[in-house]
Amino acid sequence: MNRILVSITSLDEHVNAVAMNPDLYRPQACPHCEYSRLWNHGCYYRKADRSGLGQSLNPVPVLRYLCASCKKTCSRLPACIAPRRWYDWAMQQIVLMLMLTGCCVQGCADFSGRARSTVRRWSGWLTERGELFAFHLRSRFAELGRTPQGEAFWHHLLPDMGLMRVMSWLDRDLIVP
Ligand SMILES: [Zn+2]
């Protein structure tokens, strides 16, 4: 998909880049029809700043592009904003690590302050797509070939690489998360 812009890892950087260097976000081709001509099409806003620290950056602008051929719109997100998720990668990683170390759903919910349904949804992709994601990561990073299978793979990988980076890499080949 290549929907995630790997180089932008904080909301401060993102807001700055949208104002100063917006072409960073222009996709090379339409994700729907692969036509290469995309017009600027304003932006939409996301409440991406959930830090609760300092002055909020919300609403955070996300640039939008219109395909000159199929007329569908598309956009790219900085690595720090998770596609199709309300919370950022850092919060999701905390919950996943708790699950991987044997914490129950209720325990994860209590510790993270998230609803049990949210915890279940986040851990759902690990159950459903963990092996597929691991396969893609192993083919990209030779050194991962020696890491254990199953949940142990993620237990090893997440603290080392970070969920934001993992998802940014996977996004090149797949729809994440
Ligand atoms: Zn198109």
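Ser112 is placed in helix α3 (residues 105-112). Helices here are DSSP runs of H or I with at least four residues, strands are runs of E with at least two, and both are numbered from the N terminus. Ser112 counts as buried, at 10% relative accessibility. Buried means under 20% relative accessible area, exposed means over 50%, and partly exposed lies in between (1.4 Å probe, protein chains only). Leaving aside neighbours within four places in sequence, Ser112 is in contact with Met91 and Val95. Contact means heavy atoms within 4.5 Å.

The model is predicted: local features need pLDDT of at least 70, side-chain atom pairs count only at pLDDT 80 or more, and totals for chains, interfaces and linings use all residues. Residues are numbered from 1 along each chain as its sequence is written, and side-chain values use heavy atoms, with hydrogens and water left out.

The protein is divided into domain 1 (4-78) and domain 2 (89-170). These bounds come from an automatic or database domain assignment. The centres of domain 1 and domain 2, taken over C-alpha atoms, are separated by 26 Å.

A zinc ion is coordinated at 2.3 Å by the SG atoms of Cys30, Cys33, Cys67 and Cys70. Donors are N, O and S atoms within 2.8 Å of the metal (3.2 Å for Na, K and Ca); water is not among the atoms, so sites may look incomplete. The donor residues follow the spacing C-x2-C-x33-C-x2-C in sequence. The site is tetrahedral, with angles of 102 to 116° among the four donor atoms. Four donors count as tetrahedral if all angles lie between 85 and 135 degrees. The ideal angle for four tetrahedral donors is 109.5 degrees.

Distant parts of the chain are linked by Cys30 and Cys70, which are 40 residues apart. Cys30 lies in the loop between α1 and β2, and Cys70 in the loop between β3 (60-67) and β4 (73-74). Cys30 is buried, with a relative accessible area of 1%. Cys70 counts as partly exposed, at 30%.

Tyr35 is also placed in the loop between α1 (11-20) and β2 (38-46). Tyr35 is partly exposed, with a relative accessible area of 36%. Beyond its neighbours within four places in sequence, Tyr35 contacts Ala29, Cys30, Cys67, Ala68 and Ser69. Two of these contact residues, Cys30 and Cys67, are zinc donors. Tyr35 and Arg140 are 105 residues apart in sequence, and their C-alpha atoms are 27 Å apart.

The structure holds two salt bridges. A salt bridge is a side-chain nitrogen of Lys or Arg within 4 Å of a carboxyl oxygen of Asp or Glu. In one, Arg26 pairs with Asp23, and the closest N and O atoms are 3.2 Å apart. Arg26 counts as partly exposed, at 28% relative accessibility. In the other, the side chains of Asp173 and Arg140 meet at 3.4 Å, N to O. Asp173 lies in the segment after α6 (163-170) and Arg140 in helix α4 (residues 116-140), so the pair ties together parts that are 33 residues apart in sequence. Asp173 is partly exposed at 39% relative accessibility, and Arg140 is partly exposed at 35%.

Arg46 is found in strand β2. Arg46 is buried yet has no salt bridge. The nearest side chain of opposite charge, Asp88, is 9.8 Å away. Lys and Arg count as positive and Asp and Glu as negative, while His and the chain ends are not counted. Residues touched by Arg46 include Asn58, Leu77 and Arg85, not counting those up to four places away in sequence.

Key. Four donors count as tetrahedral if all angles lie between 85 and 135 degrees; four count as square planar and six as octahedral if opposite donors are over 155 degrees apart and all others between 65 and 115; anything else is irregular.
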